[in-house]
Amino acid sequence: MSTPRRKFLQYSLTAASMLALGPQALAGPDKRSTTPTKRKLKILVLGGTGFLGPAFVTAAQARGHTLTLFNRGKTRPHLFPNVEKLQGDRDPKKGEGLKALEGRRWDVVLDNSGYYPRMVKASAELLAPHVKQYVYISSISAYANNDVPYEDESGPTAKVADPTVETMGKNYENFGGLKRLCEEAVEAALPGLASLIRPGYIVGPDDPTDRFTYWPVRYARGGEMLAPGSPEDPLQIIDVRDLAEWLVKVMENQLTGIYNATGPEKPWTMGALLAACKAAAGKTDTKPVWVPSEFLAKNGEDGEGDIPIWAPPLDKNKGFHLRSIDKAVKAGLKFRPGAVTVKDTLAYFNGLPEERRNKMRAGLAPEREKALLALWAQESQGGGGKPAAPGKPEAQEKKSP
Ligand SMILES: NC(=O)c1ccc[n+]([C@@H]2O[C@H](COP(=O)([O-])OP(=O)(O)OC[C@H]3O[C@@H](n4cnc5c(N)ncnc54)[C@H](OP(=O)(O)O)[C@@H]3O)[C@@H](O)[C@H]2O)c1
């Protein structure tokens, strides 16, 4: 993807599907989401035991649907002991490959674990005659650019130089283009039956990346805290539980086409995020220090550094946290309050074993944060400052939404 923000990691809603959704799709909170539906679906999940997968299984079970999970049995195999599990590999060249899926029928597939077009093509072609809908989890990174605020699903898509490449690249630069090619593979195998979902940052309890989790955890730690850019900088995220519940609706209402899936309904801000972190943390001596993006960029934090999720809304990133989500909202996507996501995320993190809590997977290391704050204090008091703050740790894993 040509954007500098690599780290982040159709078919219109028809009149028929609007009718199927009913007026609640456009009104207040959808009370149906925990009431079992009459139309029970047989759902196959390719994946299911990482982050979005478990949230989806929980949401689908609450609605009375029957699930089958297909994966290698490596990631959290203890989850969902009462759900049918098929073992295999997305890569047909590995072991038994997709064999366990042969000769079976499902109403709908949730493809959560497709990253390479060859593998997505293989599962989409194998399942096409045996399913009525294929929901592919793509990414907002499938777009070529992030410079246009409120761009909708018709925005130009990312390209990858070699469509057969099967690595993400050093800086995750192949991720978005590959996701788009995977979308195309699904569309080609199941014309008119593909739901191509492009989530933004998926966050909340159980998030293995710590990218969003960093903020409530850092706030709760206390002391002077680096707050990047300005309190008005926009922020789009989606709580994994909101996404999961909506995916169930996408299936129940057979919504096909391309959907951006991030939130909340009106873009959040960094200021609102820190206010929610403050409320969740309770009594602390935390003092956020807002540090301008120009200073941060000069010191290696231009949105591609160690400050997670935040991106200065400038130039190429003007629309990064301002994607249009009108289509998904009209199709029933609902959001719990951001303050709830923050509170639940902090509670989840605090419940992890100490060893894991001591190994934050994203965010500024304390010494790096301290060094940046000291340098900013010097510069903002007119003392100038060296161009690069010391203590920048090795770049963390580049991962896009
Ligand atoms: N996190 C974000 O912010 C974000 C944003 C936008 C889009 N997304 C997309 O969201 C999707 C959901 O990711 P998730 O990890 O949460 O999904 P998940 O379904 O919860 O977990 C991934 C699953 O894939 C299985 N898997 C991995 N490699 C496999 C293989 N070669 N063959 C068979 N199964 C395999 C894993 O089990 P085994 O290891 O046991 O095989 C695991 O069950 C991804 O497509 C991601 O690109 C994420």
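A helix here is a DSSP run of H or I at least four residues long, and the numbering starts from the N terminus. With that in hand, let's walk through this predicted model.

**The chain as a whole**

The chain has twelve helices and twelve strands. It is 401 residues long, and 47% of them count as buried.

**Around the ligand**

Which element gives the most residues to the shell around the ligand? That's H2, with three residues. The shell holds 24 residues, and those that come nearest are Gly 47, Gly 50, Gly 53, Arg 72 and Pro 401. Two elements give two or more residues to this shell: H2 and strand E7 (201–203).

Now for the strands. Seven of them make an open sheet in the order E3-E2-E1-E4-E5-E6-E10, and their pairing is parallel. At the edges sit E3 and E10, each pairing on one side only. If you ignore direction, neighbouring strands in this sheet are turned by 20 degrees against each other on average. As background, strands of a sheet pair through backbone hydrogen bonds, either parallel or antiparallel.

| Strand | Residues |
|---|---|
| E3 | 84–87 |
| E4 | 108–111 |
| E5 | 133–137 |
| E10 | 257–261 |

Take E4 and E5 as a close-up: they pair in the parallel sense over four bridges. One of the residues to look for is Asp 111, whose bridge partner in E5 is Tyr 136.

**Helix H12**

Which residues of H12 are buried? They are Arg 368, Glu 369, Leu 372, Leu 375 and Trp 376. These residues cover an arc of only 130 degrees around the axis, so they end up on the same side of H12.

Just after H12, look for Gly 382, which takes a positive phi of about 85 degrees.

Note on methods: Residues are numbered from 1 along each chain as its sequence is written. This is a predicted model: local features need pLDDT of at least 70, side-chain atom pairs count only at pLDDT 80 or more; totals for chains, interfaces and linings use all residues. A residue is buried if 20 or more other C-beta atoms lie within 10 Å of its own, exposed if 12 or fewer, and partly exposed in between; C-beta atoms are placed from the backbone. The arc is that of the directions from the helix axis to the C-beta atoms. Two strands pair if DSSP finds at least two bridges between them. Axes are lines fitted to C-alpha atoms, for helices over the stretch in contact, and angles run from 0 to 180 degrees between N-to-C directions. A residue is near a molecule or strand if its C-beta atom, placed from the backbone, lies within 6 Å of it.
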